[in-house]
Amino acid sequence: MDIIYHLYLQHLFTLAIFANEMTLQLESEWFLLLFVAPLLYNDGRNFPREELWKMRAPILGNAIILVLLTTLGGGYFIHWLISEIPLAATFALAAILSPTNPVAVNGIAKRIQIPEKILNLVRGESLINDASGLVAFKFAVAACCDRLFFN
């Protein structure tokens with residue numbers, strides 16, 4: 001399975017390098033399937049399943065509660081900075097920015113010494129919080145389309 005994954009990534013990078021002048025219309029669902037899913041799969045495959053199950057309550061709590069709090073706080077802060085942007089649009093922007101990136105978490109963890117329990121909590125949370133960020137983003141976009149939202 002590792003060989004297939006690495007070949008897939010090599011083909012994507014080769015296509016990206018040689019396709020400078022080419023434009024491609026890509027729907028968000030295809031982007032998630034082609035780019036985000038393989039990265040999450042690679043990080044999830046290396047995560048110990050027993051640890052994920054043992055720490056499910058704090059991982060889910062962090063993944064859902066922290067993303068929602070960051071979305072709300074970030075949305076209000078962005079609206080305070082740039083009041084011309086509608087509040088629902090700032091929530092959408094904050095929802096996209098709020099989940100931590102599991103690739104970045106693993107990169108940082110390689111450089112500094114973090115206790116294994118905390119590292120597993122942060123890695124597990126970063127794997128799951130993308131889903132809560134996407135749900136928050138979908139609600140914020142739906143709120144942008146609704147004219148009654150915070151007018």
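Colleague: Which residues does Thr71 touch, not counting residues up to four places away in sequence?

Modeller: A contact here means heavy atoms within 4.5 Å. With residues up to four places away in sequence left out, Thr71 touches Phe91, Ala94, Ala95, Ser98 and Ala136. This is a predicted model, in which local features need pLDDT of at least 70 and side-chain atom pairs count only at pLDDT 80 or more, while totals for chains, interfaces and linings use all residues. Residues are numbered from 1 along each chain as its sequence is written, and side-chain values use heavy atoms, with hydrogens and water left out.

Colleague: Where is Thr71 found, and does it count as buried or exposed?

Modeller: Buried is under 20% relative accessible area, exposed is over 50%, and partly exposed lies in between, with a 1.4 Å probe and protein chains only. Thr71 is found in helix H4 and counts as buried, at 5% relative accessibility. In the chain, buried residues make up 28% of the 151 residues.

Colleague: How many helices and strands are there in the chain?

Modeller: Both are DSSP runs, numbered from the N terminus: helices are H or I with at least four residues, strands are E with at least two. The chain has 7 helices and 0 strands, and along the sequence the pattern reads α-α-α-α-α-α-α. Its C-alpha atoms fill a box of roughly 50 × 45 × 25 Å, taken along the principal axes. Of the contacts between residues at least 6 apart in sequence, 74% join residues at least 24 apart.

Colleague: At what angle do the axes of H4 and H7 cross?

Modeller: Axes are lines fitted to C-alpha atoms, for helices over the stretch in contact, and angles run from 0 to 180 degrees between N-to-C directions. The axes of H4 (residues 56–81) and H7 (residues 116–145) come within 8 Å and cross at roughly 45°. On the H4 side the contact is made by Pro58, Ile59, Leu60, Asn62, Ala63, Ile64, Val67, Leu68 and Thr71. The H7 side contributes Asn120, Leu121, Gly124, Glu125, Ile128, Asn129, Ser132, Gly133 and Ala136.

Colleague: How are H4 and H7 placed relative to each other, and is their crossing right-handed or left-handed?

Modeller: Angles under 35 degrees count as roughly parallel, over 145 as roughly antiparallel, 65 to 115 as roughly perpendicular, and the rest as oblique. H4 and H7 are therefore oblique to each other. As for hand, a crossing is left-handed if the near helix is turned anticlockwise from the far one by less than a right angle, and right-handed if clockwise. H4 passes H7 in a right-handed crossing.

Colleague: What is the hand of the crossing of H5 and H7?

Modeller: That crossing is left-handed. The contact involves Ala88, Ala89, Phe91, Ala92, Ala95 and Ile96 of H5, and Gly133, Ala136, Phe137, Ala140, Val141, Ala143 and Cys144 of H7. The axes of H5 (residues 87–97) and H7 come within 8 Å and cross at roughly 165°, so the two helices are roughly antiparallel.

Colleague: How far apart are the axes of H2 and H7?

Modeller: The axes of H2 (residues 28–45) and H7 are 10 Å apart, and the helices pack at an angle of about 155°. This pair is therefore also roughly antiparallel. Glu29, Leu32, Leu40, Asp43 and Gly44 in H2 meet Leu127, Asp130, Leu134 and Lys138 in H7.

Colleague: How many salt bridges does a search of the whole structure find?

Modeller: The criterion is a side-chain nitrogen of Lys or Arg within 4 Å of a carboxyl oxygen of Asp or Glu. The search finds 1 salt bridge. It joins Glu51 and Lys54, with the closest N and O atoms 3.3 Å apart. The two residues are separated by about one helical turn, because they lie 3 residues apart in helix H3 (residues 49–54). Glu51 is partly exposed at 22% relative accessibility, whereas Lys54 is exposed at 61%.

Colleague: How many disulfides does the search find?

Modeller: A disulfide is a pair of cysteine sulfur atoms within 2.5 Å. The search finds 0. For the sulfur of Cys144, the closest cysteine sulfur is in Cys145, 6.6 Å away and so too far for a bond. Cys144 is partly exposed, with a relative accessible area of 39%, and Cys145 is exposed, at 62%.

Colleague: Where is Gln113 found?

Modeller: Gln113 is in the loop between H6 (102–111) and H7, and it is exposed, at 82% relative accessibility. Its C-alpha atom is separated by 37 Å from that of Ala140, 27 residues apart along the chain.
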